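Hello,

Here is the structure we talked about. Please open it first, then read the notes below it.

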Amino acid sequence: MTKISIIGAGSAFTRDIAMDILLIQGLEGGTIALVDIDERRLELARRLVLKIVEMTGKRWEVIASTDRREVIGGSQFVINQIEVGGLETVRYEYEIPLKYGVNQCIGDTLGPGGLFKTLRTLPSWIEIVRDVEELCPDGIILNYTNPMSAVTLLTSRITDLPVVGLCHSIQNTSAQLAEYAGVPYEEMHWRAGGINHMSWFVELTHAGKDLYPVLLEKIKDPELLRQDPVRFDAMKYLGAFVSESSGHFSEYIPYYRKRQSLIDLHCNAGYNGATGFYADNWPIWRKENDEEIVQQLEGTLPLEMRSSNEYAAVIIEAVLNNEPKVIYGNVPNRGLIENLPADGVVEVACLVDRRGVQPTRFGRLPEHLAALCRSNMAFFDLAVEAVLRSDKDMARHALMVDPLTAAVCSLDEIGRMFEELYEAEQGFVPVLK
């Protein structure tokens, strides 16, 4: 019997993932185990998934607990969506760096915000992985939690359980590129590789025609350029389009956020690079998501059964039904991308069937693109090892090699910023030696 556990079930991902699972053809029943430490949000998730089950007419049991050990045993798939202390720390991770000139839009992957999210997330995740090893020894871990590369990297270093990090940036960006280029999505061909939030579309064609000259011509229109300002500007100079939004991407490289004049020139509203966008809005989004679920449960807001573009159910269907699928996953490199660190995590096309997730070899990235990825991978390596070794110096060094922070601050300023953040987040991050 199929069993799937969702840890961090209060996440906004649960609705789409549950629908996707319950829309798998031929998968008529099984058990979905929901886990969250927030009892109220866990109950909302339980009622929501039960309603989705009822709408499909399938025979799925839904169990829920704040104690994961009570419910996850025997799961073939363990989906991770945890958020550790985010509401309580999001202002610190935006406002303290801003005092030092580090201007973040999102701050959940790299930079000061990404570092401290890593420090507060990984210790809890290590405990979960140990329980999964014991209780679900044949399970596959599907990770959605950011920072994606850091969580997946740590997992690969502490367990032999198969793990794949799942994002929607490749799906979303490929669809955006087809729209920008004015070609049918199903007719566009692309090849992408790199790391999460920095995968590069190194090939982009339609009917054998290179679409990059088309895009370069189109962005002479300032209206189109404003739709995705950082990514289009980077494409002009780097020769490839990147997989994450302009706002996210602007934080991962040293060119766009190091002084206000550049932010004003290249960034605009929302996910296009707005200052403090995540810190200002994430608590509101979370509240609105919960309110929307309540309305859907009460019947005052429609709950429409539709598939999303998330990969979790694609993997589950491919494994259980042995129907080969291709996804883009974050996996241990081990030579998949030759000019990126072999012991890091990369994002590449993966074949999925009953044997699980099988990454495909990418080869070499253009060296300048690989160099930008390597700068991020060094940050992830230091941050993960800081947690595994309980090493404060390594955590501090991670911030020192962060591209945006290094573009703005001196080493002394970075050290003082780190200490201020570390003191502010006592009780949320581990005590490092």
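**Salt bridges and the overall picture**

The structure holds 34 salt bridges. Please keep in mind that this is a predicted model. Some background on pairing comes first. Side chains of opposite charge can pair when their charged atoms come close.

Now the charges as a whole. The protein carries 42 positive side chains and 61 negative ones. The centres of these two sets are 2 Å apart.

**A pair within one helix**

Start with E43 and R46, which form a salt bridge. Their closest N and O atoms are 2.8 Å apart. Both residues sit in helix α2, which covers residues 39-56. They are 3 residues apart there, so about one helical turn separates E43 from R46. How accessible are the two partners? E43 is partly exposed, at 34% relative accessibility. R46 is also partly exposed, at 27%.

**E419 and its two partners**

Next, go to E419. Its side chain meets that of K392 in a salt bridge, with 3.2 Å from N to O. E419 belongs to helix α17 (residues 411-424), while K392 belongs to helix α15 (residues 392-401), so this pair ties together parts that are 27 residues apart in sequence.

E419 also forms a salt bridge with R396. Here the closest N and O atoms are 2.8 Å apart. R396 lies in helix α15 and E419 in helix α17, so the pair ties together parts 23 residues apart in sequence.

**A network**

Some salt bridges link up. E83, E93, K117, R120 and E425 are joined in a network of them.

**A look at V348**

For a residue of another kind, go to V348. V348 lies in strand β12, which covers residues 345-353. V348 is buried, at 1% relative accessibility.

What does V348 touch, leaving aside its neighbours within four places in sequence? Its contacts are I327, Y328, G329, V331, L336, I337, P359, T360 and F362.

For a sense of distance, take V348 and D67. They are 281 residues apart along the chain. Their C-alpha atoms are separated by 34 Å.

**The whole protein**

Now step back. The protein has 17 helices and 13 strands. Its radius of gyration is 21 Å, close to the 22 Å that the globule rule gives for 433 residues, so the protein is as compact as a globular protein of that length. Along the principal axes, the C-alpha trace spans about 55 × 55 × 45 Å.

How much of the protein is buried? Of its 433 residues, 59% count as buried. The accessible surface comes to about 17,200 Å². Carbon and sulfur atoms account for 50% of that surface.

Last, the contacts. Take those between residues at least 6 apart in sequence. Of these, 71% join residues at least 24 apart.

Best wishes

Methods. Residues are numbered from 1 along each chain as its sequence is written. This is a predicted model: local features need pLDDT of at least 70, side-chain atom pairs count only at pLDDT 80 or more; totals for chains, interfaces and linings use all residues. Side-chain values use heavy atoms; hydrogens and water are left out. Helices (H or I, at least four residues) and strands (E, at least two) are DSSP runs, numbered from the N terminus. The radius of gyration is taken over C-alpha atoms; the globule rule is 2.2 Å times the number of residues to the power 0.38. Buried means under 20% relative accessible area, exposed over 50%, partly exposed in between (1.4 Å probe, protein chains only). Contact means heavy atoms within 4.5 Å. Accessible areas come from the Shrake-Rupley method with a 1.4 Å probe; for residues, only the protein chains shown count as cover. Lys and Arg count as positive and Asp and Glu as negative; His and the chain ends are not counted. The place of a charge is taken as NZ of Lys, CZ of Arg, CG of Asp or CD of Glu. A salt bridge is a side-chain nitrogen of Lys or Arg within 4 Å of a carboxyl oxygen of Asp or Glu.
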